[in-house]
Amino acid sequence: MSRDLSDVIGRVLPAPENHLSAEHLEQARKARRSFMGKALAMGAGAAASATAATRAVAAEGEDAILKLPEHTTGLGLPVVTDGYGKPSKWEANLQRRQSPGLTRVNQASVSFTPLQGLFGIITPSGLHFERHHQGWWDIDPSKHRLMVNGLVKRERVFTMDDLMRLPSVSRIHFIECGANTATEWGNVAVPTVQYTHGMISCSEFTGVLLSTLLEMCGIDKKKAKYVLAEGADGSSMTRTIDIERAMDDVIVAWGMNGEMLRPENGYPLRLVVPGIQGVSWVKYLRRIEVGDEKYATKDEAVHYIDHMPDGTHRQYTGIQECKSVITTPSAGQTLLDKGFYNVTGLAWSGRGAIKRVDVSVDGGRNWRTARLEGPVLPKAMTRFNIDWVWDGKPAILQSRAIDSTGYVQPKINQLRAVRGTRSVYHQNAIQSWLVSENGEVSNVQVY
């Protein structure tokens, strides 16, 4: 145990998204400094009260310990009060949220996972981020079909029952939208980690390997170079995947976190393409076509391309590079005390496993190696922690991840030197959080 725990264990005031309604979110953002100032004053008052209360407790004891509460002396609710369990009412404000004004049509929008309020590496299914192009559907699984055609000896149509009777695998992987952190390409744009990095989740997915289906259909191994995945939603999302990846770890999945997929996550069937941007994880999967060339569909020839500084476009850049972010303390939160804090965050890489995460509290001048909490899995989130004693002076918190290939997460200026500032996708730069003397944490960019 760290000797730092002999210091005061610091308290963190949650980010506004945790305790403001959606209607008040924009108003709170405009008046953010005023709001956090009031909150800090309240926290200071609470700290003073706590000191007085500590003296009183030492003399008389604490009622919360000495007096038995109702839930200790009474009879609780019966089993199966709720046929499907749900979170405590006290956690009701921890929600995925839509960024105001992000899109004109809510059916073609994004919801963000509240990374600042999660533990471990698994994202609860109800907080998994969403990205839709034509809205989501709750499809009758008895009527859903998956067709495999193209360069195969036997074109086949599978029912859900067919698929679920095949040999299955369960694997933990992250899924990240290619546009995650896109708002920060030019400058600081959004106030909290939920909005800077919340288009990512990590779950256990269950299904049949795509390679199993392709082998069953007699894939032409000499001619096959790519597969095309097609979804059944209104946008008819279609994505090209190279055959080496398709025959490796791609899963045709029906399960997520031990149950069937949620409708907004592709129920009853979706593609899982580990390490590749989320748009290739085609939801409501209805067709796999095997071909000998890239398909250049609308969502890979016009959309999901990288704008380079010289005016050219990069296509088929699907891999999500090594990346990390500190989730607590993070922007929108406030530190109420000097003393010990557990700095925690998440790291991930589309090329393999996380090897190391370094943390800096002085804007990158000095680094310390964080603890990686198990399990550390390939193409999955990894939780890291490190001890920090805040002395009340300004600090700039950063994390820097290194993956099993040796790739080091870049600074924002290093990334811009190669990619410019007009990009939308694959922004994996080091994130900086400024802790001010008053304890307020804000989003900044440090070069």
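Predicted model: local features only at pLDDT ≥ 70, side-chain atom pairs only at ≥ 80, totals over all residues.
Is Thr181 buried or exposed? Residues are numbered from 1 along each chain as its sequence is written, and side-chain values use heavy atoms, with hydrogens and water left out.

Thr181 is buried, with a relative accessible area of 3%; buried denotes under 20% relative accessible area, exposed over 50%, and partly exposed the range in between (1.4 Å probe, protein chains only). Although Thr181 is not a glycine, its phi is positive, at about 70°. Thr181 sits in the loop that runs between strand E6 (169-176) and helix H6 (193-197). Helices (H or I, at least four residues) and strands (E, at least two) are DSSP runs, numbered from the N terminus. A positive phi, near 55°, is also found at Tyr316, likewise a residue other than glycine. Tyr316 belongs to the loop between strand E15 (313-314) and E16 and is partly exposed, at 27% relative accessibility.

Two cis peptide bonds are described here. The bond from Thr328 to Pro329 is cis, with omega near -5°, and Pro329 lies in the loop between strand E16 (323-328) and strand E17 (334-335). The bond from Gly374 to Pro375 is cis with omega near 0°; Pro375 is placed in the loop between strand E21 (371-373) and strand E22 (382-390).

The largest nonpolar core contains 53 residues, and Leu163, Leu214 and Ile288 have the most contacts inside it. Such a core is a set of buried Ala, Val, Leu, Ile, Met, Phe, Trp, Tyr and Cys residues joined through side-chain atoms within 4.5 Å. Strand E10 (residues 251-256) supplies the largest share of this core, five residues. A second, separate core of 32 residues includes Ile326, Ile354, Ala370 and Trp388. When residues up to four places away in sequence are not counted, the contacts of Leu214 (heavy atoms within 4.5 Å) include Val148, Ile219, Val227, Ile243, Ala246, Met247, Ile288 and Val290.

Ile326 of the second core stands opposite Gly345 in E18. Strand E16 is joined to strand E18 (residues 339-348) by five bridges, and the two run antiparallel. Four strands make up an open sheet, ordered E16-E18-E22-E21, with antiparallel pairing; strands count as paired if DSSP finds at least two bridges between them. E16 and E21 stand at the edges with a single partner strand each, so one side of each is left without a neighbour in the sheet. On average, neighbouring strands of this sheet are turned by 30° against each other, direction ignored.

In helix H10 (residues 412-419), the buried residues include Ile412, Leu415, Arg416 and Arg419. Viewed down the axis of H10, the buried residues fall within an arc of 100° and therefore line one face of the helix; the arc is that of the directions from the helix axis to the C-beta atoms. Strand E14 (306-307) and E15 are among the elements that cover these buried residues. The face turned away from the buried side of H10 carries the exposed residues Ala417 and Val418. Gly420 follows H10 and has a positive phi, near 80°.

Cys217 and Cys322 were also examined for burial. Cys217 is buried at 0% relative accessibility, and Cys322 is buried with a relative accessible area of 0%. With a disulfide taken as a pair of cysteine sulfur atoms within 2.5 Å, the count is zero disulfides.

How values were computed. Axes fitted to C-alpha atoms, helices over the stretch in contact; angles between N-to-C directions.
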